[in-house]
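Subject: The two-chain model, with notes

Dear colleague,

My notes come after it.

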Amino acid sequence: MTFSTIGTVAKRGATGFERKRTDLAGGLFKAVILSALVVSLLVLAVLLIDTVVDAWSQLSTRAWDFLNGSLRSRSIDDKLGVKQGLYGSFWIGVFVASTAFPIGVGAAIYLEEYAAKSRLAALIELVIRNLAGVPSVVYGLLGLFLFVERSTIFGFVGLGWLADATGGRSVLSAGLTLAVLVLPIVIITAQEAVRSVPSGLKEGAYGLGATKSEMVWTQILPYAAPGILTGTLLAMSRAIGEAAPLILVGAITGGLTRNPELWDASGLREKFTALPIIIVEWVSERGRDPGFAEAAAAAIVVLLALVLLLNMTAILLRNRFERKRG
Amino acid sequence: METPDSVRGSLSLAALAGSPRRVRKERLISRVMFCAALVSVVVSALIIYALFSEAWIFMRDVDWSSTWGELGWFPRRGIYDMPTLLVASLWTTLIAMIVAAPLGMGAAIYLSEYARPTHRAILKPILEILAGIPSVVLGFFALLWLAPNVVAHIGGEGGRGSMLTAGIGVGILTVPLVASISEDAMAAVPKSLREASAGLGARNAVTTVRVVLPAAVSGLVASLIVAVSRALGETMVVFMAGGAADAAIRTYSPYDGSLTMPSAMASLASGTDQVVGEGLTFQSLFFVGLVLFLLTLGLNLVGDRFVNRVREQY
């Protein structure tokens with residue numbers, strides 16, 4: 001018997017078992033769940049298209065002016081723009097990266113390497129998981145309590161120095177509040193990254209006489225770096241898009257006249273605003289001046305560009321390393 | 001054979017312990033790491049302390065008759081009708097779940113059971129992009145697109161916000177959350193169960209409905225609980241598209257505008273006069289925050305338990 005005849009026999013055999021019955025219910029089920037996915041993606045598409053269309057009148061004619069302009073009382077003002085919001089959001093990102101990142105990575109390494117599987121670590125992890133689920137407005141209350149109001153704890157631990165240091169309702173307070181908000185995200189993603197380090201690498205380092213901290217520094221951190229970076233980028237994008245805590249901490253839109261350069265750190269303890277806050281304000285002002293709806297859409301395009309850039313970098317980074325190490 | 005003193009010395013226990021300087025450095029580093037881990041605990045304690053201490057002043061000094069059975073929520077005039085906020089929170093959360101549960105679970109089932117790996121690799125990141133969209137953007141979209149194009153066709157008014165509009169917006173926001181937790185739960189179901197079912201001649205749909213979904217049920221429940229907690233705490237969408245500013249009259253119709261717990265907090269804190277008003281206005285912020293915190297904490301703990309159940313089973 002040649003190979004070709006085996007092939008035909010096998011083929012005949014297969015068709016013999018096949019029933020020519022269309023699977024109606026199965027097809028319907030598939031169609032229903034597929035439509036759920038399609039609707040979700042359509043909503044995303046409509047959202048993006050609608051916003052860009054609304055924003056077009058601002059962005060097509062005066063994109064650069066819009067990026068450099070400031071808050072104005074009329075939407076047709078030549079100097080209308082989001083620079084003050086960019087300033088606030090930029091520095092919030094800086095504070096998140098410079099505080100939540102080191103603390104988060106340190107905590108993750110402690111939980112995974114120093115106290116792994118201890119009862120204390122389990123307790124701290126429980127706390128972190130619950131912190132991750134606390135609504136963002138509640139973090140706003142914490143920021144208000146810690147950094148803005150001159151509070152005292154149990155009547156004797158004064159926190160007035162914190163309010164003095166941050167300047168009250170300032171970018172500094174907002175940045176620290178959001179750093180606290182994203183800390184659980186940074187810790188959880190960093191923990192996953194640290195956990196994924198092969199134990200062979202760690203044992204190799206110990207075998208060569210490395211101490212724990214040397215092992216962490218030379219093996220764990222380099223290997224886990226992409227994962228940690230991904231988590232930090234996601235956390236920064238979350239922080240930049242967050243508005244509720246900023247409202248509680250006291251971001252403003254009225255009477256903000258200063259329009260400093262991005263890197264001008266002298267405004268960190270002053271009254272401030274941020275991109276999401278400007279969007280909220282302009283949406284509410286569209287009743288008085290309908291042109292603000294388009295201005296709000298344009299501000300959204302700027303915010304989405306920032307947030308999606310951070311998100312996509314994070315997702316691409318993760319996928320690349322997952323594939324590489326597969 | 002006699003070992004030279006120098007060699008014997010280097011092999012002693014003291015030598016293996018490392019130089020005192022190195023040991024001290026190690027101890028210092030491990031303490032620093034411990035402090036970093038402790039930050040979260042301190043933050044939790046501070047949240048709880050801040051909420052309780054200010055809410056306590058409210059609970060001690062408030063005229064309790066003003067918190068129940070009033071016309072509505074008018075914090076700047078000393079009227080804190082909690083049912084107003086609770087009813088609004090219930091409506092928006094319910095509507096959000098009506099939107100998010102079918103969409104999120106459907107998407108999860110498709111991605112987990114039907115999609116080819118190549119499609120999955122494209123579709124999943126897109127859902128993750130939806131998850132990354134800030135809530136102010138959803139608020140804008142709900143108010144300016146959903147209200148005139150969707151809500152106006154199901155009995156609502158297109159020109160302004162309402163709990164229905166806000167609820168749909170919050171629902172869209174929670175779709176990715178439901179999808180990702182549900183998908184994780186289905187991914188945890190062992191392949192052997194699916195293969196056994198297919199081996200008995202079950203169609204793909206039957207395998208999914210009769211085998212995979214029941215096996216993953218605690219994860220699916222968890223995804224809903226976590227989504228409810230998220231929807232209860234969502235602020236900006238309701239603040240922008242909920243159809244009420246500063247104050248709200250109690251209403252049981254989702255077509256009306258109202259304030260949920262978080263949006264009431266945001267509206268109290270926003271505006272030119274910040275948090276001022278009648279004596280307890282500032283403390284009422286913390287009281288509402290405490291109620292919201294306890295509700296979401298309870299839901300998250302229950303949700304966590306369900307998630308762990310899936311993990312333990314397989």
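This is a predicted model: local features need pLDDT of at least 70, side-chain atom pairs count only at pLDDT 80 or more; totals for chains, interfaces and linings use all residues.

Residues are numbered from 1 along each chain as its sequence is written, and chains are lettered from A and ligands numbered from 1 in the order in which they are written.

I begin with the place where the chains meet. Contact here means that the C-beta atoms of two residues, placed from the backbone, lie within 7 Å, and in this sense 70 residues of chain A are in contact with 69 residues of chain B. On the side of chain A that touches chain B, the most residues, 17, come from helix α2 (residues 24-68) of chain A; helices (H or I, at least four residues) and strands (E, at least two) are DSSP runs, numbered from the N terminus. That side of chain A divides into 52 nonpolar, 13 polar and five charged residues, where Ala, Val, Leu, Ile, Met, Phe, Trp, Tyr, Cys and Pro count as nonpolar, Asp, Glu, Lys and Arg as charged, and the others, Gly among them, as polar.

One residue of helix α2 of chain A is T51(A). T51(A) counts as buried because 23 other C-beta atoms lie within 10 Å; the rule is that a residue is buried with 20 or more such atoms within 10 Å, exposed with 12 or fewer, and partly exposed in between, with C-beta atoms placed from the backbone. Leaving aside residues up to four places away in sequence, T51(A) touches A297(A), I300(A) and V301(A). The C-alpha atoms of T51(A) and V307(A) are separated by 15 Å, although these residues are 256 residues apart along the chain.

K117(A) sits in the loop between α3 (83-114) and α4 (119-132) of chain A, and K117(A) is exposed because it has 8 C-beta neighbours inside 10 Å. Its phi is near 65°, a positive value in a residue other than glycine.

In helix α7 (residues 171-195) of chain A, 23 of the 25 residues are buried. This helix bends by about 40° at V182(A), with a proline, P184(A), following within four residues; the bend at a residue is the angle between axes fitted to the seven residues ending there and the seven starting there.

Turning to chain B, its secondary structure comes to 13 helices and three strands. Its C-alpha trace spans about 100 × 65 × 30 Å along the principal axes, and buried residues make up 48% of its 314 residues.

The domain assignment, whose bounds come from an automatic or database source, gives chain B domain 1 (5-61) and domain 2 (66-313). Nine residues from domain 1 of chain B and eight residues from domain 2 of chain B take part in the contact between them, and the C-alpha centres of the two domains lie 38 Å apart.

Finally, helix α3 (residues 20-61) of chain B has a kink of about 30° centred on L38(B), and its buried residues include M33(B), V43(B) and F58(B).

With best wishes
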